[in-house]
Every structure is written in C-alpha cells, then in structure tokens.
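Dear colleague,

Please find below the structure that I am handing over to you.

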Amino acid sequence: MEHKSERHMREILVPLDDNDNMRIEEENAKFLRKVFASAHINVLLGSGFSGSVVPVLQGREPWFQAVDEHMRDCPGNERGMWLSARALLRAEYFKSIMHPLREAHATEPQKAFVASACRLIENRGTTTLPKRLNFFTTNYDPLIELSLESLGIPFNDGFVGRGKPRFDPSAFSRLMCEQSLFMEYTSQVTTANVLKAHGSLTWRRVGESDRKEVVYSNVESTLDDCVVGHDGVLDLPAVSELASLVKDPCNAASLQLFKELVSGLSVDDVDLLQAFGKSYDSTLCIVNPAKRKFEETVLEQSYYDLLRIYANELDRNNALLLVFGFSFADEHILELTKRAIRSNPKLIVLISCHTRDDAAWYRSLFPNADNVYLLVPREDKEIGLGELTEVLRCVAR
C-alpha cells in the first residue's frame with residue numbers, strides 16, 4: 001500500500017519545439033485523451049481567462065478588507081467617514097474594473113479555447129456521460145457567455161423564462177436533445193453550463209428586502225442603472241486620486257492618506273458618493289473583493305447553491321477539473337477543492353501553470369495530492385490561453 005507521505009503531485013511538461021510548435025509526449029497525450037474521454041468535465045476559470053479584456057484587480061482586495069474592518073470596529077463618530085470611504089472605494093472599483101466591460105467582446109483566443117473544450121464533449125462516442133461541460137468562474141464579466149453565443153453553442157446561465165428571466169439553479173441539471181423529423185431519433189446536443197460563484201454583471205437584484213430575486217439584465221443596463229441619478233460621481237477628482245493610491249500596498253501609512261482624501265471631500269461630494277454607494281449595493285449582485293467573500297456568499301442563497309453544485313460536481317465518479325488562470329486565492333473554493341481532492345480518489349485536477357513559479361505555488365497548495373496534475377511550461381516558456389487550447393486540440397485528435 002502506498003504511504004501518504006510518498007504521494008506526490010505529477011507534472012506534464014508542455015514544451016514548444018524550436019519552431020514554437022506545440023507538442024506533447026505521446027504517453028502524456030494518451031493519458032489526457034483517456035481522462036477527457038471518460039470524465040465529467042469541469043473547467044475553473046479565473047482572471048487569467050479575461051486578462052486581455054478586463055483590467056486587472058491588482059491589490060484592491062486588502063483595501064476592501066480594511067475598509068470593511070474599520071466599518072465594523074470604528075466608534076460611532078467615525079462611522080460616517082468610513083461610509084464615505086467605502087462609497088469612494090466602490091466608485092473607483094466600478095470606474096476602473098467594471099465600467100470598461102460595458103462594451104466588452106470575446107476575443108478570438110477565448111472563443112478558440114471554449115470551442116476546443118466543448119469539442120472534447122461533442123466528439124466522444126459514449127452515451128453514458130451527458131454531453132455537458134461546466135464552466136465555473138469567479139469573474140463578473142460575460143466573456144464566457146459571449147464566446148459560447150458567438151460559437152452557436154447552447155448554454156445554461158441559470159436563468160429561466162423569457163420576459164423576465166429569473167435565476168434558478170435547477171437549470172444547470174437540464175440537458176438538451178434534438179429529434180429527427182421523420183425517424184424520431186433522439187440525440188443529445190452539446191451544451192455548457194456557466195456558473196458564476198461570485199455573481200455577474202448580468203445579474204440584477206430586484207424586489208423587497210424580504211423577497212429579493214435575482215433576474216437577468218444585460219451588462220450595459222446594469223452598469224448604467226448604477227450611475228443613473230448620480231451624474232459626475234465617476235469624474236470626481238477623489239476617484240482618480242484613489243485609483244493611484246490603491247496600486248500601493250494597503251498599510252497604516254496608505255490608509256492614513258486614504259482617510260485624509262476622504263476628509264477633504266465636500267459635503268456635496270459626500271452626498272453624491274453615498275447615494276452612489278447605495279445604488280451600487282442595491283443594483284449589483286456580486287461578491288466584492290475581500291476576505292469576507294465566503295461569509296457574503298453563504299448569506300445569499302444563489303451563491304450558496306453554486307458552491308454546492310461545484311462541490312457536488314467534484315464528488316462525482318470520474319470527475320475532472322481543468323483549471324486555468326485561477327490562483328485559488330478565493331479561500332472557500334480552495335477549501336472545497338482540497339476536500340474533494342482528499343475524499344474522491346476518482347477526481348483528477350489538471351492545473352495549467354502560466355510559469356514554472358506558478359507550478360511551485362500550486363504544489364504548496366495541494367501537497368501530497370497524487371490526483372493533481374500540473375501542465376508545466378519549459379523554463380523559458382509560458383502557458384497562456386493559446387497554448388492550453390493547443391493542448392486540448394492535441395487531446396481531441
């Protein structure tokens with residue numbers, strides 16, 4: 001019997017030849033073909049998938065965390081100041097990260113990756129596995145959906161209905177079939193589920209406080225409704241000043257500068273920011289970047305349902321999790337993944353490492369895990385979305 005101390009993570013080298021052509025050793029290619037052919041396939045995408053379109057988050061998470069802590073612990077006479085600080089932080093985050101997504105379009109590399117992943121489902125001959133691929137992500141952007149739509153691939157985003165689509169997690173368990181007109185032969189259609197654990201800019205919160213629902217809204221409408229009636233809030237000089245400040249580490253000195261920035265706001269600016277902050281919280285249905293993400297998540301039934309689906313999918317027999325651009329800095333997803341790796345020996349986790357340094361990071365996260373495989377680049381190379389797409393194409397041959 002293999003002792004636990006002897007278990008180790010395995011690496012699959014993804015080299016490029018001297019002409020920058022992708023190639024994988026045939027033994028590894030056979031292994032990957034066998035895994036993908038017989039697995040319930042799940043893809044976990046992080047910010048690396050959207051990095052060419054979406055501005056990077058940089059170091060904003062500690063700033064959100066610090067403001068939340070001060071809001072919770074501050075004396076009553078300082079609460080107004082920290083309310084304004086939180087509203088200013090939201091305005092900067094909205095302007096820098098979300099507003100650029102108003103007219104976002106899926107890139108050709110993103111569409112090529114999604115197409116290659118779905119082709120693995122489409123081409124396999126087994127009828128015992130559903131022709132369904134799960135895309136899990138913590139990204140707010142609509143780039144996975146836009147990629148699938150441009151490719152003509154049917155997908156479930158969790159919304160049901162047409163006039164006023166409402167979020168219903170049961171949609172993720174549905175399959176699509178087509179029937180020939182004359183022979184009445186029925187076959188499954190390749191579909192994808194898009195599950196957004198931290199919400200989306202296509203989600204809207206509606207209804208009274210005790211009967212709130214999540215409904216579908218296009219990105220443009222969601223973003224526009226956040227700023228309607230708050231003209232000029234994104235153009236405040238303080239918003240631009242904060243954009244420079246949050247690039248620095250969040251420490252005592254930088255927080256003092258932040259407090260001074262907030263203290264210098266005029267009464268009109270404070271009123272405008274706080275009104276925008278209320279609109280931001282009541283309109284957007286997202287988990288803000290902070291260490292309290294798990295607490296926020298379980299408070300919302302929709303988020304809880306998605307995390308439960310993620311955990312259940314990893315517990316399946318012959319489950320596969322393909323990870324790209326995800327650092328596992330999100331603690332709740334990290335813990336669910338660790339638990340599945342320990343408890344389900346039939347689970348295989350395949351992580352694409354951008355650099356060799358990233359491989360060392362993943363090894364530290366999942367020690368003694370022999371069902372975790374790392375796609376690792378050569379010392380002087382990187383694995384981006386294009387390289388991973390080529391790996392999937394090699395597997396599909």
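**Cavities, pocket, sheet and helices**

The largest cavity has a volume of about 60 Å³. Please keep in mind throughout that this is a predicted model. The residues that line the largest cavity are A39, H40, I41, R124, P130, R132, N134, E313 and R316. Two elements, β2 (40-45) and β3, each give two or more residues to this lining. Sorted by class, the lining of the largest cavity holds three nonpolar, two polar and four charged residues.

How many cavities of 30 Å³ or more are there? The count comes to two. The second largest cavity has a volume of about 40 Å³, and its lining consists of E145, D157, F159, V194, K196, T202, W203 and Y216. Here the elements that contribute two or more residues are β9 and β10 (199-206). Four residues of the lining of the second largest cavity are nonpolar, one is polar and three are charged.

Next comes the largest pocket. Its volume is about 920 Å³. The lining of the largest pocket is made up of 38 residues, and those nearest its centre are G46, S47, G48, N139 and G325. At least two lining residues come from each of α2 (47-50), α4 (79-98) and α14 (356-365). By class, 18 residues of this lining are nonpolar, 15 are polar and five are charged.

In general, the strands of a sheet pair through backbone hydrogen bonds, and the pairing may be parallel or antiparallel. In this model, eight strands form an open sheet with parallel pairing, and their order is β1-β15-β14-β13-β2-β3-β9-β4. Which strands lie at the edges? They are β1 (10-14) and β4 (155-156), each of which pairs on one side only. Within the sheet, β3 (residues 132-137) and β9 (residues 191-196) run parallel and are joined by six bridges. As an example of residue partners, L133 has A192 of β9 as its bridge partner.

A helix also lies across part of the sheet. Helix α15 (residues 385-396) lies across β1, β13 (319-324), β14 (348-352) and β15 (372-377). The direction of α15 is at about 150° to β13.

The last topic is a pair of helices. Two packed helices are described by the angle between their axes and by the distance between those axes. The axes of α4 and helix α10 (residues 267-283) come within 8 Å and cross at roughly 65°. The crossing of α4 past α10 is left-handed. On the side of α4, the contact is made by G80, L83, S84, R86, A87, L88, R90, A91, Y93, F94 and M98. On the side of α10, V270, L273, Q274, F276, G277, Y280 and D281 take part. The residues of this contact comprise 11 nonpolar, four polar and three charged ones.

With kind regards

Key
Residues numbered from 1 in each chain as written. Predicted model: local features only at pLDDT ≥ 70, side-chain atom pairs only at ≥ 80, totals over all residues. Heavy atoms only, no water. Pairing = 2+ DSSP bridges. Helix = DSSP H or I, 4+ residues; strand = E, 2+ residues; numbered from the N terminus. Contact = heavy atoms within 4.5 Å. Axes fitted to C-alpha atoms, helices over the stretch in contact; angles between N-to-C directions. 1 Å grid on protein atoms, 1.4 Å probe; cavity = no way out; pocket = protein on both sides within 12 Å on 5 of 7 lines; lining within 4 Å. Points joined across faces, edges and corners; volume = space filled by probe spheres on them. Nonpolar A, V, L, I, M, F, W, Y, C, P; charged D, E, K, R; others polar. Left-handed = near helix turned anticlockwise from the far one by under 90°.
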